[in-house]
Amino acid sequence: MKSPRKFFEPLAIGAPSPYRELPMRLERMIHFVPPHIEKLRAKAGELASQVDVILGNLEDAIPIEAKAAAREGFIAMARATDLGTTGLWARVNALNSPWFLDDMTRLVGEVGDRLDVIMLPKVEGPWDIHFIDQYLGLLEARHAVKKPILVHAILETAEGVNNVAEIARASPRLHGMSLGPADLAASRAMKTTRVGGGHPDYRVLADSGAPGEPRRAAQQDPWHYTIARMVDACAANGVKPFYGPFGDFADADACEAQFRNAFLLGCAGAWTLHPSQIAIAKRVFSPDPAEVAFAKRILAAMPDGSGAVMIDGKMQDDATWKQAKVIVDLARQVAAKDIEFAALYGF
Ligand code: GLV
Ligand code: MG
């Protein structure tokens with residue numbers, strides 16, 4: 001393991017120093033844009049006022065014959081569009097693909113100073129992060145990039161899940177990670193063709209009731225285990241966990257339920273692949289105004305965060321004060337960006 005002293009040294013002469021604290025940004029939704037489609041990338045400026053992150057997708061879902069056009073389209077979009085405070089990310093192709101090398105050299109060389117985060121798919125272990133870390137350092141140095149480009153891993157292979165804690169602490173360049181349920185399902189040989197969400201056959205059957213009464217059944221969340229592991233690995237290392245894609249665009253309720261489970265367990269945001277999912281992610285990953293109001297009461301009742309008080313019959317102490325602070329801090333971040341939420345939260 002690298003010595004703690006070296007952890008924050010630049011990996012190449014002339015590369016920017018790694019961040020000691022990650023930039024605090026609101027990232028409730030990472031909105032995917034296919035940059036080879038001119039009509040869609042032309043909308044990026046307009047989209048920027050509605051989403052927290054715009055991501056140009058170069059990997060899966062981009063046809064092989066459009067890979068180069070997607071790369072060039074992303075560069076054109078990054079140059080032409082002022083995104084304001086909205087983050088600009090790119091999902092590059094996998095490390096072992098024929099496109100990765102050109103994705104990296106072209107993107108960092110042409111628009112390295114505009115790029116906040118590179119999303120790296122199919123990360124299997126810390127070695128993948130070490131490789132891209134070093135490679136980015138060299139490219140940043142060559143192109144005099146001023147601030148470090150962060151790396152966001154997709155957790156979408158069984159081996160990646162096995163190594164999730166080591167991935168989360170592999171580099172100060174790591175921004176966080178997203179669960180990729182489609183590739184992960186394939187990697188694990190899960191028997192589902194869905195992209196995220198539940199499955200009607202993954203359920204628990206209640207014991208028999210009265211004679212003649214049907215047995216009740218409840219669907220379970222097949223992603224619970226992975227999301228929980230990812231959240232622990234990320235929280236323990238000060239990086240951010242995200243839920244990834246929800247593929248059934250017509251099922252807004254199921255999408256909202258999946259996003260909400262991820263939010264409640266600790267995720268910071270989710271991917272939005274379709275414009276209809278933007279409002280869902282905004283609603284879910286901005287804390288509930290009633291919860292914020294209650295959390296504010298806890299903080300007000302315990303100004304120094306110690307002792308114990310009762311509020312509406314519920315016990316509050318140092319630990320619930322910290323829980324309340326998580327909610328109020330997030331609400332402040334949301335309010336600073338979204339005026340409508342500032343009013344709802346009373347800031
Ligand atoms: C996302 O990339 C996924 O495989 O779900
Ligand atoms: Mg994938």
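Predicted model: local features only at pLDDT ≥ 70, side-chain atom pairs only at ≥ 80, totals over all residues.
View 1. Residues are numbered from 1 along each chain as its sequence is written, chains are lettered from A and ligands numbered from 1 in the order in which they are written, and side-chain values use heavy atoms, without hydrogens and water. S3 and strand S4 (residues 117–120) run parallel and share 3 bridges. Strands pair if DSSP finds at least two bridges between them. Helices (H or I, at least four residues) and strands (E, at least two) are DSSP runs, numbered from the N terminus. From S3 the chain passes through helix H5 (residues 100–111) to S4, a right-handed β-α-β crossover. Right-handed means that, with the strands pointing away from the viewer, the path from the first strand over the helix to the second runs clockwise.

**View 2. Strand S2 (residues 53–57) pairs with S3 in the parallel sense.** The pairing spans 5 bridges. Ile 54 sits opposite Leu 88 of S3. Helix H4 (residues 67–80) carries the chain from S2 to S3, and this β-α-β crossover is right-handed.

**View 3. Strand S3 (residues 87–91) is largely enclosed by the rest of the structure, because 5 of its 5 residues are buried.** Buried means under 20% relative accessible area, exposed over 50%, partly exposed in between (1.4 Å probe, protein chains only). In a regular strand, side chains alternate between the two faces of the sheet. One side of S3 holds Gly 87, Trp 89 and Arg 91; the other holds Leu 88 and Ala 90. Both faces are covered.

**View 4. Arg 91 of S3 is buried, with a relative accessible area of 7%.** Its side chain makes polar contacts with the side chains of Asn 57 at 2.8 Å and Glu 59 at 3.2 Å. A polar contact is a pair of N or O atoms within 3.5 Å; within protein, one must be able to donate a hydrogen and the other to accept it, and residues adjacent in sequence count only if both atoms are side-chain atoms.

**View 5. Ligand 1 is surrounded by residues including Arg 91, Glu 156, Pro 245 and Trp 271.** A ligand oxygen atom is 3.1 Å from an N or O atom in the Arg 91 side chain. An oxygen atom of ligand 1 is 2.8 Å from a polar backbone atom of Ala 182.

Definitions and conventions:
Near = heavy atom within 4 Å.
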